[in-house]
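I opened a new page for this chain. My plan is to look things up one at a time and write down what I find.

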Amino acid sequence: MKRKILRLAGYMWASPYTISGIAIGLLLAGRFRRVDSVIEIHGPAISYFLKRLLLPAAAMTWGHVVFGQDEMMLNATRRHERVHVRQYERWGPLFVPAYLLCSLWLYVRRRDGYRENPFEVEAYAIDDPSSHHPNGSERIDGKWL
């Protein structure tokens, strides 16, 4: 019961981004699908947008919504983007400002504001073999799943 309450709280805390992500997906005529309680959206207009970001992206998370250039990119980035979904659940409306402030702080210090951003470091760790337990489970947020 406690886990369900915490899960619901995470959804509510991230909901401002999730709702706006769904609206963006609708406006851009994206194709929607639900995978593991996350809405994945792709389509030509979304692909166009992602490719033209300051740092072009294969996919981007917005609350419980993940935008991808196409289905292949969504499949390839799924584990990484799920880490960002959990970050939205923890940080809620503060996630984007915190992420941007971390990036800005790093850029001001002449460091890589993307790869050295703690939010990205956590997400890229999912692809690091040292983050995998021998039984095949994954370590996320310091816990073996």
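**Entry 1: two tyrosines**

I started with tyrosine 17 and tyrosine 88, and both are buried. I note here that the model is a predicted one. I then looked up the number for tyrosine 17, and its relative accessibility is 11%. Buried means under 20%, so tyrosine 17 counts as buried.

Next I checked how the two rings sit. Tyrosine 17 and tyrosine 88 form an edge-to-face aromatic pair. Where in the chain are tyrosine 17 and tyrosine 88? Tyrosine 17 is in helix 1, and tyrosine 88 is in helix 3, residues 71-91. The two are 71 residues apart, so I wrote this down as a link between distant parts of the chain.

I counted the aromatic pairs and got nine. One of them joins tyrosine 17 and tryptophan 62. The centres of these rings are 5.0 Å apart and the planes stand at 85°, so the pair is edge-to-face. Over 60 degrees is the cut-off for that label. Tyrosine 17 belongs to helix 1 (residues 2-27), while tryptophan 62 belongs to strand 3 (residues 59-62). The pair therefore ties together parts that are 45 residues apart in sequence.

Is tryptophan 62 buried or partly exposed? Tryptophan 62 has a relative accessible area of 22%, so it is partly exposed.

I followed the ring pairs onward. They link Tyr17, Trp62, Tyr88, Trp91, Phe95, Tyr99 and Phe119 into a cluster.

I also found a charge over a ring. Arginine 115 lies over the face of tyrosine 124, and the distance to the ring centre is 4.1 Å.

**Entry 2: the nonpolar cores**

In soluble globular proteins, nonpolar side chains tend to be buried together. I went looking for such groups here.

Which residues make up the largest nonpolar core? I listed eight: Ala14, Tyr17, Tyr88, Phe95, Val96, Ala98, Tyr99 and Phe119. Helix 1 and helix 4 (95-108) each give at least two residues to this core. Helix 4 supplies the largest share, with four residues.

**Entry 3: helix 4**

I looked up how far helix 4 reaches. It has 14 residues and spans 20 Å from its first C-alpha to its last. That is close to the 20 Å expected at 1.5 Å a residue.

Which residues of helix 4 are buried? They are Phe95, Val96, Ala98, Tyr99, Ser103 and Leu106. What covers the buried residues of helix 4? The cover includes helix 1, strand 3, helix 3 and helix 5 (118-125). I also checked what follows helix 4, and noted arginine 110. Its phi is positive, near 60°.

**Entry 4: charges**

I found seven salt bridges in the structure.

Glutamate 40 meets arginine 33 in a salt bridge, at 3.0 Å from N to O. Glutamate 40 has a relative accessible area of 0%, so I marked it buried. Arginine 33 is partly exposed at 26%.

Glutamate 40 also forms a salt bridge with arginine 78, and here the closest N and O atoms are 2.8 Å apart. Arginine 78 is in helix 3, and glutamate 40 is in strand 2 (residues 38-42). The pair links distant parts of the chain, 38 residues apart.

Arginine 111 is partly exposed at 35%, and glutamate 116 is partly exposed at 31%.

**Entry 5: the whole chain**

Last, I stepped back. The chain has five helices and six strands. Along the sequence I read the pattern α-β-β-α-β-β-α-α-α-β-β. Of the 145 residues, 39% are buried. I also checked contacts between residues at least 6 apart in sequence, and 50% of them join residues at least 24 apart.

Terms used
Residues numbered from 1 in each chain as written. Predicted model: local features only at pLDDT ≥ 70, side-chain atom pairs only at ≥ 80, totals over all residues. Heavy atoms only, no water. Phe/Tyr/Trp six-rings, centres within 6.5 Å; stacked < 30°, edge-to-face > 60°. Buried < 20%, exposed > 50% of the residue type's maximum accessible area, 1.4 Å probe, protein only. Lys NZ or Arg CZ within 6 Å of the ring centre and 35° of its normal. Core = buried A, V, L, I, M, F, W, Y, C linked by side-chain atoms within 4.5 Å. Expected span 1.5 Å × (residues − 1). Contact = heavy atoms within 4.5 Å. Salt bridge = Lys/Arg side-chain N within 4 Å of Asp/Glu carboxyl O.
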